[in-house]
Amino acid sequence: MVSRIDKWNELGLQKLISINKGTNRYKLLQARLKEYGQDKILQAIENIKCSSFLKGQNNKNWTVTFDWLVKPNNFIKILEGNYVDKENTVKIAKNKEVQPLRFNNFEPRNYDYDNLEKKLLGWDNDD
């Protein structure tokens, strides 16, 4: 099984070397583990892969750090997919990893707009 450190380092962001007992990082991680479990921790890290914002593609070139991830308010937002790029939201939902919280996970209808316009203007009548 892949460790949390290995999974985090796969992101290619700030390298995580250790999580030492007694540190704030350790305490926050233990609290998230107790609250959500190992699988949800790994899922949150996986969700970061689908977020260009968290990987530094933003106007400040800010990138997520492990310490930021394990803070309670930040962790749940990442786990719920709030930072996932819109084009990745549907893909993640189909994998049942994260359920999107939006109404954009459906296929749009295709309309013949020329035909609709003619009907609305009354041009389709054979009078």
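What pattern does the protein follow when read along the sequence? The pattern is α-α-α-α-α-α-α, and the protein has seven helices and zero strands. Helices here are DSSP runs of H or I with at least four residues, strands are runs of E with at least two, and both are numbered from the N terminus. The model is a predicted one, in which local features need pLDDT of at least 70 and side-chain atom pairs count only at pLDDT 80 or more, while totals for chains, interfaces and linings use all residues. Residues are numbered from 1 along each chain as its sequence is written, and side-chain values use heavy atoms, with hydrogens and water left out.

Of the 127 residues in the protein, 32% are buried; buried means under 20% relative accessible area, exposed means over 50%, and partly exposed lies in between (1.4 Å probe, protein chains only).

Helix packing comes next. Two packed helices are described by the angle between their axes and the distance between the axes. Axes are lines fitted to C-alpha atoms, for helices over the stretch in contact, and angles run from 0 to 180 degrees between N-to-C directions. Helix H2 (residues 24-36) and helix H3 (residues 38-48) have axes 7 Å apart and pack at an angle of about 115°. H2 and H3 are therefore roughly perpendicular to each other, on a scale where angles under 35 degrees count as roughly parallel, over 145 as roughly antiparallel, 65 to 115 as roughly perpendicular and the rest as oblique. On the H2 side, Leu29, Arg32, Leu33 and Tyr36 meet Gln38, Lys40 and Ile41 of H3. This contact of H2 with H3 has four nonpolar, one polar and two charged residues, where Ala, Val, Leu, Ile, Met, Phe, Trp, Tyr, Cys and Pro count as nonpolar, Asp, Glu, Lys and Arg as charged, and the others, Gly among them, as polar.

H3 also packs against helix H5 (residues 72-79), with axes that come within 8 Å and cross at roughly 70°. H3 is thus roughly perpendicular to H5. Here Lys40, Ile41, Gln43, Ala44, Asn47 and Ile48 in H3 meet Phe75, Ile78 and Leu79 in H5, a contact that divides into six nonpolar, two polar and one charged.

Two residues of this contact deserve a look. Phe75, in helix H5, is buried, with a relative accessible area of 0%. Not counting residues up to four places away in sequence, Phe75 touches Arg32, Tyr36, Lys40, Ile41, Ala44 and Leu69. Its C-alpha atom is separated by 8.5 Å from that of Ile41, 34 residues apart along the chain. Asn47, found in helix H3, is buried too, at 2% relative accessible area. The side chain of Asn47 makes a polar contact with the side chain of Gln43 (2.7 Å); a polar contact is a pair of N or O atoms within 3.5 Å, and within protein one must be able to donate a hydrogen and the other to accept it, with residues adjacent in sequence counting only if both atoms are side-chain atoms.

Finally, the structure holds seven aromatic pairs. Rings of Phe, Tyr and Trp (its six-membered ring) pair if their centres lie within 6.5 Å; planes under 30 degrees apart count as stacked, over 60 as edge-to-face and the rest as tilted. Phe53 and Trp62 form a tilted pair, 5.8 Å centre to centre with 40° between the planes. The pair of Trp62 and Trp68 is edge-to-face, because the planes stand at 70°, with the ring centres 5.0 Å apart. Phe53, Trp62, Trp68 and Tyr83 form one aromatic cluster.

Technical notes
Contact means heavy atoms within 4.5 Å.
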